[in-house]
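Please open the structure in your viewer and keep the sequence beside it. The tour below goes from one selection to the next and says at each stop what is there.

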Amino acid sequence: MNYRALPAVIALCVACGVPPPDRLEIEPPLPIKSAELGQTVSLQAHAFRGIVAHDEGKAPLVVTWTSSDPAVATVDAGGKVTVAGSGKAKIQASVPGRNNQAVTADVDVNNLIVQTVTATGDFPKRFRLNSKPVPLTIVVKDEKGGVVEKPKLRMHANDYCVEVTPDGVVYPLAVGSCSVIVEAGSKAAQIDLDVKE
């Protein structure tokens, strides 16, 4: 075997009796889902040969980190991921393995950065206890101005005068003033209502 053709790290592993890894795991292994620009997540890569952890003390490995889409998330040489925008990407860790073949592992990134939430409804000028329920029209846009399809919404009233159903229909319940609040990510829209007799 010609060790000169192999990276120095692999030659070191063979010379010290530590075989190169054949498996890599990223910690934490969960997908990264963010709603905040600039949020950071620190990842660590752990190498294995079979089920045995690679001996970093005898044969240090250099991990190469890459992002499939830096407009969604960037990653530095130490595995620190920074959220850059909405979208999907993969963060990959790579180390040299046997016969100069890379051993890799990746983590999915699925960001949604909500920029604006608007909520409107065709409420009558005088919203009464016997008024028909009013469906809301809700538009959520990301930081690029694109409309978000099927956003995760949280809807509620801040008082007892109306009820808001999970599908965004507002029912009058009692006389009084209250607000309907629609939230997506860290943004919210509010509709102020007065329910009359």
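Where is the place of K150? K150 lies in the loop between β12 and β13, where strands such as these are DSSP runs (E, at least two residues; helices are H or I, at least four residues), numbered from the N terminus. Before you select anything else, note that this is a predicted model, in which local features need pLDDT of at least 70 and side-chain atom pairs count only at pLDDT 80 or more, while totals for chains, interfaces and linings use all residues. Residues are numbered from 1 along each chain as its sequence is written, and side-chain values use heavy atoms, with hydrogens and water left out.

**Two backbone stops**

Stay with K150, which has a positive phi of about 50° although it is not a glycine. Most residues other than glycine have a negative phi, and most peptide bonds are trans. K150 is exposed, because its relative accessible area is 82% (exposed means over 50%, buried under 20%, and partly exposed in between, with a 1.4 Å probe and protein chains only). Next select E27 and P28, which are joined by a cis peptide bond with omega at about -5°; P28 is in the loop between β1 (23–27) and β2 (40–42).

**The nonpolar cores**

Now select F123, F127, V162, V170, V180 and L193, the residues with the most contacts inside the largest nonpolar core, which has 22 residues. A nonpolar core is a set of buried Ala, Val, Leu, Ile, Met, Phe, Trp, Tyr and Cys residues joined through side-chain atoms within 4.5 Å. Two or more residues of this core come from each of β10 (114–121), β12 (134–142), β14 (162–164), β16 (176–184) and β17 (187–196). A second, separate core of 19 residues includes L24, A47, A73 and I91. In soluble globular proteins, nonpolar side chains tend to be buried together.

Centre the view on V162: leaving aside neighbours within four places in sequence, V162 is in contact (heavy atoms within 4.5 Å) with residues including F127, V170, C178, V180 and L193.

How many aromatic pairs does the structure hold? The structure holds one, and F123 and F127 form this pair, which is edge-to-face, with 5.2 Å centre to centre and 80° between the planes. Rings of Phe, Tyr and Trp (its six-membered ring) pair if their centres lie within 6.5 Å, and planes under 30 degrees apart count as stacked, over 60 as edge-to-face and the rest as tilted. F123 counts as buried at 17% relative accessibility, and F127 is buried with a relative accessible area of 3%.

**The disulfide**

Select C161 and C178 next, which form a disulfide with their sulfur atoms 1.9 Å apart (a disulfide is a pair of cysteine sulfur atoms within 2.5 Å). C161 lies in the loop between β13 (154–157) and β14, and C178 lies in strand β16, so the pair ties together parts that are 17 residues apart in sequence. The disulfide is left-handed because the torsion about the S-S bond is about -85°. C161 is buried, with a relative accessible area of 1%, and C178 counts as buried at 4%.

**Charged side chains**

A search of the whole structure finds three salt bridges, each a side-chain nitrogen of Lys or Arg within 4 Å of a carboxyl oxygen of Asp or Glu. Begin with R23 and E25, whose closest N and O atoms are 2.3 Å apart. The charged end of R23 also sits over the ring of F48, 4.3 Å from its centre (this requires NZ of Lys or CZ of Arg within 6 Å of the ring centre and within 35 degrees of the ring normal).

Move to D108 and K90, whose side chains meet in a salt bridge of 2.5 Å, N to O; this pair links distant parts of the chain, with D108 in strand β9 (residues 102–111) and K90 in strand β8 (residues 87–96), 18 residues apart. Then select R154 and E183, whose salt bridge is 3.6 Å, N to O. R154 lies in strand β13 and E183 in strand β16, so the pair ties together parts that are 29 residues apart in sequence.

**Last stop**

Finish at A105, which is found in strand β9 and is buried, with a relative accessible area of 13%. Leaving aside neighbours within four places in sequence, A105 is in contact with L24, E25, I26, I91, Q92 and A93.
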